[in-house]
Amino acid sequence: SFFVQPWRAWNALGSHAELDVNLLRASWWPSSINMLTAIKRKNSAKFPPLNEVLKSFVFWGECFWFSSQLFLLTYYLSTINQILFALGDARVNADVDSFANNMFTRAGVFFNGLGFLWSPIVGYSMKTRSIYFRIYVEIIMALVMAIMLTIPIIEVQVVVFLLQALVRLQVFSNHFSYIGERFGFRHFGLLNGLSSLVAGSFGLLGYLLQIYSLFVAKGAYSMSYFMVAGLVVSSSIFPFILKKKDQAAMEKEKRREGRESIKVNGGELGKQFKQSDGEETNPTSDSFDEFLCYLSRVRDNSYESFLDFLYRE
């Protein structure tokens, strides 16, 4: 669909659809990176343009967190059968339909398809908790899941089945909601596709871990999962820095609004307190705004210079 635009619709005469290779024409390519979208509308002041998004930590940091969590999930799916077999899960009779054969492997497939049952819990957390809290909780659960996979007790893996379904639902819920809320829906498809491409490319490193586990660790996956656990923990740097950046941005916005408020409200009050004969006015009111006006009069008789001094302070 990238190289060839969608086929032309069949018209009323029943003519055959034709491929239109728009990629070969210069008019197909956008004039700037911010035009890489199918939604033709003006940029919203609430959301940054695409070129700023692609230079920001808030996007690439999320890509790192998303890639780390998907790496755990995909590596789990590619190794769980070998782990269960090594722990004793095997065929006990010739009946291929018997649940007794590879019982834990069958149970893993069963629990994997029931992840939607966690939806009420995940949905409630998304409505009542911040994105930082939700990501921290998901990272903790993913860490517990990775560590439990190193425990050589097959019954413990049933808990891993439950955690895997919950972690997977949390990862995708947080990822999709974050992109939409943080960057808007103008470039949602492009940003989601780019982050998925990064996560998929990063996931190819799982082949190296499997080679290490099979040929170096002699079939033991414990060490590789400790490595994955370290990767999961390192992804916690994203919500930590994100919260710091958001708090700094909020403080900056509050200071800007405060300066605007003082400039507007103080200017109006200053006009009311000005006296043509130059007499000083004593601060007899308890109002803080009135007190500011009084200070503006006694400090070099210059209200504007007082505002400049207050801004610097």
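# A tour of the predicted model

Among contacts (heavy atoms within 4.5 Å) in the protein chain between residues at least 6 apart in sequence, 66% join residues at least 24 apart. This is a predicted model: local features need pLDDT of at least 70, side-chain atom pairs count only at pLDDT 80 or more, and totals for chains, interfaces and linings use all residues. Residues are numbered from 1 along each chain as its sequence is written, and side-chain values use heavy atoms, with hydrogens and water left out.

**Whole chain.** Colour by secondary structure: the protein chain has 12 helices and 0 strands. Helices (H or I, at least four residues) and strands (E, at least two) are DSSP runs, numbered from the N terminus. Of the 313 residues, 34% are buried. Buried means under 20% relative accessible area, exposed over 50%, and partly exposed in between (1.4 Å probe, protein chains only).

**Ser 173.** Select Ser 173 in helix H6 (residues 157-183). Ser 173 has a relative accessible area of 19% and is therefore buried. A polar atom of its side chain lies 2.7 Å from the backbone oxygen of Leu 169. Show Val 122 and Met 126 as well: both are in contact with Ser 173, leaving aside its neighbours within four places in sequence.

**Helix H8.** Next, select residues 206-216, which form H8; its buried residues are Gly 206, Leu 209, Gln 210 and Ser 213. They cover an arc of only 100° around the axis, so they sit on the same side of H8; the arc is that of the directions from the helix axis to the C-beta atoms.

Turn to the face of H8 directed away from its buried side, where the exposed residues Tyr 207, Leu 208, Phe 215 and Val 216 are carried. Val 216 is exposed because its relative accessible area is 56%.

**Surface patch.** Select Leu 205, Leu 208, Ile 211, Leu 214, Phe 215 and Val 216, which make a nonpolar surface patch of about 610 Å². Patches are made of residues with over 30% relative accessible area and no salt bridge; like charges are joined within 9 Å, and nonpolar side chains (Val, Leu, Ile, Met, Phe, Trp, Tyr) within 5 Å. A salt bridge is a side-chain nitrogen of Lys or Arg within 4 Å of a carboxyl oxygen of Asp or Glu.

**Last stop.** Just after H8, select Lys 218, which takes a positive phi of about 60°.

How values were computed: A polar contact is a pair of N or O atoms within 3.5 Å; within protein, one must be able to donate a hydrogen and the other to accept it, and residues adjacent in sequence count only if both atoms are side-chain atoms. Accessible areas come from the Shrake-Rupley method with a 1.4 Å probe; for residues, only the protein chains shown count as cover.
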